[in-house]
Amino acid sequence: FIRTLARLGSVYERLKDFKESEKHLRKEMTLRQSIDGDDDIYTLQTAHHLSRVLRVQHTEDKYKEAEEIIRRVVAKREILLGKVHNDISKKVGRGS
């Protein structure tokens, strides 16, 4: 069921129906957090995806929420993967 929500979120994002995408990603996020916890890599991937969908909606409150989410994701990934991991370096501008 979680994978279905993820796929629906992606499909609606590709269709540029960002509100519908956001709805499915939020449901996925809630389930992942309750099952796997906030620090699980898949929970963090979902959070990153949600932040991307929020950013493209171009409203001040969505931008702010997206920024808060991505800051949490980067901080948690740094703890899990280390600051020199390629995934982190690209996100914070330290990579090539």
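How are α1 and α2 oriented relative to each other? In this predicted model, the axes of the two helices α1 and α2 come within 8 Å and cross at roughly 155 degrees. Angles over 145 degrees count as roughly antiparallel. α1 and α2 are therefore roughly antiparallel to each other. The crossing of α1 past α2 is left-handed.

The next helix pair is α2 and α3. Their axes lie 9 Å apart, and the packing angle is about 160 degrees. α2 and α3 are therefore roughly antiparallel. α2 passes α3 in a left-handed crossing. For α3 and α4, the angle is about 155 degrees and the axes are 8 Å apart. This pair, α3 and α4, is therefore also roughly antiparallel. The crossing of α3 and α4 is left-handed.

Most residues other than glycine have a negative phi. K16 is not a glycine, yet its phi is positive, at about 65 degrees. K16 lies in the loop between α1, which spans 2–14, and α2, which spans 18–36. The relative accessibility of K16 is 61%, so K16 counts as exposed. H58 likewise is a residue other than glycine with a positive phi, near 55 degrees. H58 sits in the loop between α3 and α4. Its relative accessibility is 57%, so H58 counts as exposed.

Charged side chains were examined next. The count comes to nine salt bridges. One of them joins R26 to E22, with the closest N and O atoms 2.9 Å apart. R26 and E22 are four residues apart in helix α2, so about one helical turn separates them. R26 counts as partly exposed because its relative accessibility is 29%. E22 has 9% relative accessibility, so E22 counts as buried.

E22 has another partner, K62. The closest N and O atoms of the K62 and E22 salt bridge are 2.8 Å apart. K62 belongs to helix α4 and E22 to helix α2, so this pair ties together parts that are 40 residues apart in sequence. Both K62 and E22 are buried.

R32 and E28 are four residues apart in helix α2, about one turn of the helix. Both of these residues, R32 and E28, are buried.

The surface also carries a nonpolar patch. It is formed by I41, Y42, L80 and L81, which together have about 340 Å² of accessible area. The elements that give two or more residues to the nonpolar patch are α3, spanning 41–55, and α4, spanning 60–81. L80 is found in helix α4.

Notes. Residues numbered from 1 in each chain as written. Predicted model: local features only at pLDDT ≥ 70, side-chain atom pairs only at ≥ 80, totals over all residues. Heavy atoms only, no water. Patch = residues over 30% accessible without salt bridge, like charges linked within 9 Å, V, L, I, M, F, W, Y side chains within 5 Å. Areas by Shrake-Rupley, 256 points an atom, 1.4 Å probe, with all protein chains shown as cover. Salt bridge = Lys/Arg side-chain N within 4 Å of Asp/Glu carboxyl O. Buried < 20%, exposed > 50% of the residue type's maximum accessible area, 1.4 Å probe, protein only. Axes fitted to C-alpha atoms, helices over the stretch in contact; angles between N-to-C directions. Parallel < 35°, antiparallel > 145°, perpendicular 65-115°, else oblique. Left-handed = near helix turned anticlockwise from the far one by under 90°.
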